[in-house]
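Hi,

Here is the structure I promised to pass on.

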Amino acid sequence: MSEPTPGQPPRPDPSQQQWGQGAQQRQPQGWSQPPYGASPPYGAPPRKKRRKWPWVLLVLVLLVAGGCAAVLAGVSHEVSKTVEVEYTVTGNARDVTIAYSVWNDDGISSRSETTKTLPWRKVVKTKGFMKGGSLLISLSGSGGTATCSVTVDHGPPKTSTASGPSAAATCSGF
C-alpha cells in the first residue's frame, strides 16, 4: 500500500488481490488449521462431555412415580365403586334350593332360600376392593332343569345348568 496523504483514505496496493477477487484469508506464519472435531491449541478450553446417566435416571424415576400414581388412583376408584350383582334362576324344576353369597371388604354375606317355582331373581349391591360372590342351585329329587345366571353391572352373564334329580350347578368366578 502506498502512503496516504493527510485526510485521504489509504489506497490499496495494486499487487495484492482484494476480497471478492479470489483472495484468501491469510493465517499467521506457523499456524495451521486444526483437524475436524479437534479444538484449536488457542482459544477456549475443550468442552467437557455431558453425562447422560443422570437424565436417564431422572426419566426412570418419573416413569416409576407416574406408574405408582396411576395404580393408586385405580385402586382408590375400585374401593369406592359400587357394583350391582344380579342372580337369576330359570327353568322348569320344582323345589329348588338356592344359595347365594356376595363378598366385599366387610366380609362375606351368604343366604339360602328354597323356591317352589321358577323363575327366581335377586339383586345385591356390593362395594369395596374385593368384590364377587357365587350362586349354587340344587334340584330336589323330582328333577327338572334349572339354569343359574349371574350378571355384574349388566355385563355378560356367567351361567350353568343343572338337569335331573338331585342335580346341582354353580355360577361363580365373577
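By relative accessible area, buried means under 20%, exposed over 50%, and partly exposed in between (1.4 Å probe, protein chains only). With that scale, Asp 95 is partly exposed at 31%. Keep in mind that this is a predicted model, where local features need pLDDT of at least 70, side-chain atom pairs count only at pLDDT 80 or more, and totals for chains, interfaces and linings use all residues. Residues are numbered from 1 along each chain as its sequence is written, and side-chain values use heavy atoms, with hydrogens and water left out.

On to the salt bridges (a side-chain nitrogen of Lys or Arg within 4 Å of a carboxyl oxygen of Asp or Glu): there are 2. Asp 95 pairs with Lys 116 at 3.4 Å, N to O. Asp 95 sits in the loop between S1 and S2, and Lys 116 in the loop between strand S3 (107-115) and S4, 21 residues apart. Lys 116 counts as exposed, at 58%. Strands here are DSSP E runs of at least two residues, numbered from the N terminus.

In the other salt bridge, Glu 86 meets Arg 121, with the closest N and O atoms 2.8 Å apart. Glu 86 is in strand S1 and Arg 121 in strand S4, so this pair ties together parts 35 residues apart in sequence. Arg 121 is exposed, at 55%.

As for the sheet, 4 strands form an open one in the order S4-S1-S6-S7, with antiparallel pairing (two strands pair if DSSP finds at least two bridges between them). Its edge strands are S4 and S7 (158-163). S1 and S6 are joined by 7 bridges, and Val 89 stands opposite Cys 148 in S6.

Cheers
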